[in-house]
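Reader: I have a protein to look at and I am new to this. Could you take me through it slowly?

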Amino acid sequence: MITDISPNLLQSYQKEINSYDEILGANGQVKPHWKALFDTLEKIGMKELHSRNVEIINKLRENGVTYNVYENSGSLNRPWQLDPIPFLIEQQEWNNIAKGLKQRALVLDLMLRDIYGPQRLIKENILPPELVYGNTGFFRVCNDVKLPSENQLTLYAADIARGPDGRMWVLDNRTQAPSGMGYALENRSVMSKILPELTNGMFVSRLSPFFNNFQQTVSALASKAKDHPNIVYLTPGSNNETYFEHAYLATYLGYTLVQGDDLLVRDGFVWLKSIDGLEKVDVIIRRIDDDWCDPLELRQDSRLGIPGLLHAIRLGNVSVINPPGSSVLESNGLLPFMNAACRFFLGETLIMPSVATWWCGQAKEMNHVLANLPKLIIKSTNRKQKLRSVYGKSLSNQELDELRKDILRNPSEFVAQEEVSLSTTPALVNGKIEPRFAALRAYLVSDGKNYQVMEGGLTRSSAVRDRFEISHQYGGFSKDTWIVSDKVLDTPQKIVVQQTASVIHHTSLPSRSAENLFWVGRYCERTMATTKFLKITINALQENVNFGGSVKSEHIHVLLKSLTHLTLTYPGFIDEENSVLLKNPYQEIHDLVFNSKRGGTVACSVESFLRGVITVSDKWSHDTWRIINLIENSLKKIKSSDPEVNNPNVIQKVLDKLHTRLFTFYGIISESMPRDKGFYLFESGKWIERILSRISIIRSTFSFKNDLNVENDLIEAVLINHHLLVHYRLLYKSHLSLEAMLDMVLLEENLPYSLSYQLDALAECLSKLPKTSQDERLTKAEKAVLEASTKIKLTDISTLSTYDAETLYRENLDSLLAHIFDLISSVTVSLTDLYFTHTVIQHSLMENPENSDTNEI
């Protein structure tokens, strides 16, 4: 809603500026496109802008946009932060910036080819050999690792910022696995939905042409696969800080998201381990660092890479973007020599300068650095050395002396950069528009010979005024980047239409993804089964306020023991000697809900469910993510709240909300998820868990005969647990019969919560999964389900209710259900042997902080 308000935002902002700012031109006047933006902000008004900002926060959370921080152990992930005020660059200026970026990309590509080739830069004394051979990103084994194209540096990202001369300067190069493209795309998507009117008076260039160019480049590298190239997106796993982006881009580009253990090298080719068997891989887009790519030839302790990958690349049987070894270009020590390399290769001077940098490996430069330490920023030559930037002006005299000694001990390991006043840009901080330092990460993709630049990028700004700390690791936030013009520009784009032999009906499902989908189904159903039965038990307790002295308390004893059997939280209520627990059951019930450290509790099951969900992030739609976000909110509520142990109302509210959200998750999955192998594995997990939980409750409540009144209460509880009480009353009115109840919950094939229906549904799901052999009619899992279904359908209900007069034990009922329980439990083992035997350790759930550097944003 547009409102008319008076305080002039532009004038107020100009009063805050104390250095060069993006809104000002060389003449000190406000640039026209910034003027148009502030005019629109004025019309919107600060109150509405705050409201839109809240919408942005909610939208990002609903879409599951996160940035994981390794030190942030208290949460699964951190929400992505997006400033509602975009970063603007005029189209004509951007064209000059793009020209400089293309030139730098060409120089870096030539340097990469030279370093792993003739090494003319070293031989001609243009590049000191220490900056190559002492570079932690240089790997001799990568000398013959090449792409089948002229350019070897396929993807390139440059961090740039405006210097005091008004020009954009290059601050850093990202060459091995540049991150942030997906976040830039998501930023644009969110901004266009929530603040579309900000574009009034200007035209904003689109991002999609860049991604089209990227897809065409990848397809060209997969030219050996004539029909349908198999392209995979290699991620370190769900604990990686930018994992959201990996899943997001894999889905957006239509590539299969994999981890290292999903791939293997055999006969010189890379294969994907899918539930259909081995599938040859043509192109790998990697998001893991160079040294983790191949434990046979690079880092031996890597669990993220593929053993033998370099050999497969050498044979030309797979292309990897970017090829291992490209991290050599990320050394800060190369920046002082970029201009000389440009003149050597292209006979040109760099169009876009680097920030002034001195490498201490040369005596003259080292002496300059030592003499000017208080004015400089000290960094590691090599990124892997993990030295955070040191601002000389912030050090005491003693600290400066220590730093001088460190530099003198190992001068080649240090570089110094001039601390210059970079430009600021408007940002919404704490309800006010203020200037903040900002840098833009620009992206380029090779078409084989030349480079195309994204018309935009990922801008990051500092959360702290007058401090240039823009990394999201340290609290920085992002901005949508707009390349703007006052007219529509027709940018010609070469579209390559791929010739396909036939319509594609098959998509790869890695065995790891298959396993996680299966367990997402199981943990979701496990949580629902626990919450449902907890609610039934709490209701029974509330209806018997004198529990402990009431004659009707026996059925509650049975329900409490059934709860322990269901959750496997022994000894729990099974411990007959712990009379205190039975007299005051809310203490144990409270723990079964809120204790996330105890297996089988609600909190623990939800955590496991969410870990599985995040691991297969690429499988969920935006609607699904919205409800996943609500389920995560329920978990936060459970983990943060500390309700009174004896306050069942609070516990009931928590369980009600969580149960409803999980049911909604099922509904969205049922309505939106493709009926592919992943869906049927998810459903199989759901049905297996549902069958096992219902059997557990029936066995623990009716394996022994109780007093008639107690048994009637238990019958009603089980009917409620199966969502069948209303249906039962329609048929039998108020008459409660064990045989009628067992007939309904075991044999009625039209009721979704009957055992017969669930077994049929499980059998249907298993029939949709691939067989190991075309001659195989039924897998072991299918045979087990068929046997269980047959036994149930052939059973005589009247015999199930019989019991031994002395022991009161219903042997027929208990032995039948025990046998079916064992058969269905064996289905999980069979599915694991058939589809999930791809790894021993779930690396997706392991922390690997040493892989965080390249992906830092």
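Reader: Let's start with one spot: what lies over the face of W687, and how far from the ring centre?
Author: K686 lies over the face of W687, at 4.5 Å from the ring centre. A charge is said to sit over a ring if NZ of Lys or CZ of Arg is within 6 Å of the ring centre and within 35 degrees of the ring normal. R675 is placed over the face of F679 in this way too, at 4.1 Å from that ring centre.

Reader: Before I go on, what kind of model is this, and how are residues numbered?
Author: This is a predicted model, in which local features need pLDDT of at least 70 and side-chain atom pairs count only at pLDDT 80 or more, while totals for chains, interfaces and linings use all residues. Residues are numbered from 1 along each chain as its sequence is written, and side-chain values use heavy atoms, with hydrogens and water left out.

Reader: ok, the overview then. How many helices and strands are there?
Author: The protein has 28 helices and 20 strands; these are DSSP runs numbered from the N terminus, with helices being H or I of at least four residues and strands being E of at least two. Of its 857 residues, 58% count as buried, where buried means under 20% relative accessible area, exposed means over 50%, and partly exposed is in between (1.4 Å probe, protein chains only).

Reader: And which share of contacts joins residues at least 24 apart?
Author: Taking contacts between residues at least 6 apart in sequence, 74% join residues at least 24 apart, a contact being heavy atoms within 4.5 Å.

Reader: Back to rings. How many aromatic pairs does the structure hold?
Author: It holds 24 aromatic pairs. Rings of Phe, Tyr and Trp (its six-membered ring) pair if their centres lie within 6.5 Å, and planes under 30 degrees apart count as stacked, over 60 as edge-to-face and the rest as tilted. For F518 and W519, the centres are 5.6 Å apart and the planes are at 90°, so that pair is edge-to-face.

Reader: Are F518, W519 and Y523 buried or partly exposed?
Author: F518 is buried, with a relative accessible area of 0%, whereas W519 is partly exposed at 25% and Y523 is partly exposed at 22%.

Reader: Which rings form a cluster?
Author: Ring pairs link Y67, W80, Y183, F244 and Y248 into a cluster.

Reader: Changing topic: where is D480, and is it buried or exposed?
Author: D480 is in strand 20 (residues 477-485), and with a relative accessibility of 1% it counts as buried.

Reader: Which side chains does the side chain of D480 make polar contacts with?
Author: One is with the side chain of R188, at 2.9 Å, and another is with the side chain of W482, at 2.7 Å. A polar contact is a pair of N or O atoms within 3.5 Å; within protein, one must be able to donate a hydrogen and the other to accept it, and residues adjacent in sequence count only if both atoms are side-chain atoms.

Reader: What is D480 in contact with, beyond its sequence neighbours?
Author: Leaving aside residues within four places in sequence, D480 is in contact with several residues, including L82, P86, F87 and M191. D480 and M191 are 289 residues apart along the chain, yet their C-alpha atoms are separated by 7.4 Å.

Reader: And R460, which side chain does it join through a polar contact?
Author: The side chain of R460 is joined to that of D159 by a polar contact of 3.1 Å. R460 is found in strand 19 (residues 458-461) and is buried, with a relative accessible area of 4%.

Reader: Last one: what does helix 19 pack against?
Author: The buried residues of helix 19 pack against helix 3 (46-62), helix 17 (586-594), helix 18 (602-615) and helix 20 (648-672). Among those buried residues are W625, I628 and L635.
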